[in-house]
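Subject: Structure handover

Hello,

Here is the structure for your files. My notes on what was found in it follow below.

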Amino acid sequence: MTTSAEHRPGWSHAQWAAGDSPFVMPEWAELADALLAREAARRHRSPDTDPFSSMRVTRAEVEAALAHDRRPGTNMDGTNITGPDGRAEAASKAFRASLEQANLLSSLRLLAGADDEDLEVLALLVAIEMAPPRQRAVAYLQDNVALTRPTLATLAALFPPPHRGVWAVSATSALHCAALVGIDNEGPWGSRAVSVPSPVIWALAGDPSPDHDLPPSVRYMPGRGQRAPGGGLVLITGADRQSRLQAAVSELPVMGLLVTPPPEDEPGWKALVREATLGGAAVVIETDKPLLAAGAHHVDQALHLWWAISSPNELPLESLPQRSWRERRLEPSKAGPADWQRALGSQAPEGLRLDREELRLLALAAKGLQCAPAAAVARVAAPHLSTLTVRVKPERSWEDLVLPAEDLEAVRELVARYRHRNTVYGPWGYRPLPSAGIIGMFSGPSGTGKTLAAEVIAHSVGCDLFKLDLSSVVSKYIGETEKNLEAIFQAAETGEAVLFFDEADAIFGKRSEVKDAHDRYANVEVAYLLQRLERHDGLVLLATNLAQNIDPAFERRIHVHVPFRLPQAPERSKLWAKAFPPQSPVQDLDLPWLSKWEMTGGIIHNVSMRAAFLAADAGTPISMAVVATAMWKEFHKAGRLVSANDFSPYDVSIPTGN
């Protein structure tokens, strides 16, 4: 976690140098020494003469430890002292006067809701923690050389009524609720030692380092202004994570915010409360699940802090803290020009519709990759989609796609819808009902260019193509398929990826009459997809060889349906011309002869590849004879009957009977 030293008003090195320890102010030291000396005087006993005296702390040793180099009978400010009680009273007066200085201890009156009596107890405990001689004095008072921290009973004796004394560390005290003190959990009440966590002492010394018990995921965010007195709780729901954070900044009157998921253990919660208290910060808990009882308890206990609970959905009432709260519901919205300018110093590329959290991730990706925002879009979604989809880096463009003019125009319409949706759903006033998502469907025989068209579209809009891996998505376990699909849709929305469902009829098939449990759950999957497609805000492409098997309910949700047909002679001629790379050793091709054969672009590609390998193996260029031989082998593989006369123009050896 990164923090700023400015959010902790600690002591300067010069101030610390004036004390008896680099970490204890003179007023604290005198207060502690005076209180310990007064209690030691009350418990005075005769010098030890038993053989175990070396294992005890003697009266003379205590007096030497608590003595100060000053004129007899005077206090640090020169006032007269009359006995231990007078010294303690004067030390308390001087200490309270020091609280008028601007430092972290005095600011705890605002930050933790502590008063002067609470701070006297805390100063005493800190002074003891930092000075071994005082620890021996405490051991003397408690008649136990191993017990160097004051117990509850000793604390009560050091601060007798009407001082709050030991109640300053009770379970409901300001110091305890702010996690600034700790009490042992075992043993009789009177013998339980009281301590100060080391992060508190380091903070009082001016060290800005974060608490070592904080959850690793905590991060510090600047707030909008000075900290207001008291505390409060606001529930922020809806929209995206970054929008909720911005709302928290506007709702919480503090200089900084600690943003974290719910801590997993008690030390983590205490460290969070302690860090927020010492830093004058608010705490933002980010969760998509109900708070556990332990978390709600800490929110209830730390009434001095400002809290926000950020969640995508409203949390159950029974899981919320018992303190009063108010709720702010955010509606989903996309990042505006001001958000883009703030995050990247530029405007959004045409067609990109990101919420603020997606924009934050995009800014991180663009900075890390040192590239333009449009080029970093795929990096945002790739880690979340890679386990359930196959990532295709689109390389082929419109020049590679050979379709009839009408079909090519329909494919281009999908790109136009994507690029101009910000205009249509923005200045032009159209409402994106139910979402601004775009769904295209490609149907037709295998090999007619459906997958190629999907790649060309992805390349044109500047996104990666993520092809659904049915083996990873479809599960035999109830609910798992929907869970996997939801993860895919969410990740695709985060990164503006193009989702490609090949063989879409496998999961978008017609719902059937329910005859058994299998039919019922299969229908549930289709119904889920119908609803989820409507809510998806990105570009989805479906491809199928069997359009008649697609559930009719999807037809209304499909924006552009492109039927891919078998290419005619003009298209086949173009496909043959593009089938051989320019650098391949191709001899004169007979395009009119090749294009007269009815075949799909996929088969043409296969013939080209086969001819290349045959020529490479024979050590010859790719001649028409080689291409014709490769063509015959492809026909034979597919079970297509041809005669020798069909290949008579070229020297093709066809086995008898074929």
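Is Cys463 buried or exposed? Cys463 is buried, because its relative accessible area is 2%, where buried means under 20% relative accessible area, exposed means over 50%, and partly exposed is in between (1.4 Å probe, protein chains only). Cys177 is buried as well, with a relative accessible area of 13%. The structure holds 0 disulfides, a disulfide being a pair of cysteine sulfur atoms within 2.5 Å.

Before the rest, some ground rules. This is a predicted model, in which local features need pLDDT of at least 70 and side-chain atom pairs count only at pLDDT 80 or more, while totals for chains, interfaces and linings use all residues. Residues are numbered from 1 along each chain as its sequence is written, and side-chain values use heavy atoms, with hydrogens and water left out.

Overall make-up

The protein chain has 26 helices and 14 strands; helices (H or I, at least four residues) and strands (E, at least two) are DSSP runs, numbered from the N terminus. Of the 658 residues in the protein chain, 49% are buried. Among contacts with a separation of 6 or more, 72% are between residues 24 or more positions apart; contact means heavy atoms within 4.5 Å.

Nonpolar cores

In soluble globular proteins, nonpolar side chains tend to be buried together. A nonpolar core here is a set of buried Ala, Val, Leu, Ile, Met, Phe, Trp, Tyr and Cys residues joined through side-chain atoms within 4.5 Å. The largest one has 50 residues, and Leu105, Leu108 and Val169 have the most contacts inside it. Helices that each supply at least two residues of this core include α2 (26-42), α4 (83-98), α5 (104-111) and α6 (116-130). The largest share, 9 residues, comes from α6. Apart from this core lies another, of 39 residues, among them Val377, Trp398, Leu414 and Ala543.

Leaving aside neighbours within four places in sequence, Val169 is in contact with Val121, Leu125, Leu152, Leu155, His176, Val181, Ile183 and Val194.

Salt bridges

A salt bridge is a side-chain nitrogen of Lys or Arg within 4 Å of a carboxyl oxygen of Asp or Glu. By this rule the count comes to 30. In one of them, Arg87 pairs with Glu30, and the closest N and O atoms are 3.0 Å apart. That pair links distant parts of the chain, with Arg87 in helix α4 and Glu30 in helix α2, 57 residues apart. Arg87 is buried at a relative accessible area of 14%, and Glu30 is buried at 3%.

Arg164 and Asp115 also meet in a salt bridge (2.8 Å, N to O). Arg164 lies in the loop between α8 and α9 and Asp115 in the loop between α5 and α6, so the pair ties together parts that are 49 residues apart in sequence. Arg164 is partly exposed, with a relative accessible area of 30%, and Asp115 is partly exposed at 28%.

In another salt bridge, Asp339 pairs with Arg356, the closest N and O atoms being 3.2 Å apart. Asp339 is in helix α14 (residues 337-344) and Arg356 in helix α15 (residues 356-369), 17 residues apart. Asp339 is buried, with a relative accessible area of 9%. Salt bridges that share partners join Asp115, Glu117, Asp118 and Arg164 into one network.

Asp505 sits in the loop between β12 (498-501) and α22 (517-535) and is buried, with a relative accessible area of 18%. Asp505 has no salt bridge; the nearest side chain of opposite charge, Lys450, is 9.1 Å away. For charge, Lys and Arg count as positive and Asp and Glu as negative, while His and the chain ends are not counted.

The side chain of Asp505 does make a polar contact with the side chain of Thr544 (2.7 Å). A polar contact is a pair of N or O atoms within 3.5 Å; within protein, one must be able to donate a hydrogen and the other to accept it, and residues adjacent in sequence count only if both atoms are side-chain atoms. Asp505 and Asn549 are 44 residues apart in sequence and 6.0 Å apart in space, C-alpha to C-alpha.

Backbone

Most residues other than glycine have a negative phi, and most peptide bonds are trans. Asp143 has a positive phi of about 55 degrees although it is not a glycine. A cis peptide bond joins Pro161 and Pro162, with omega about 15 degrees.

Regards
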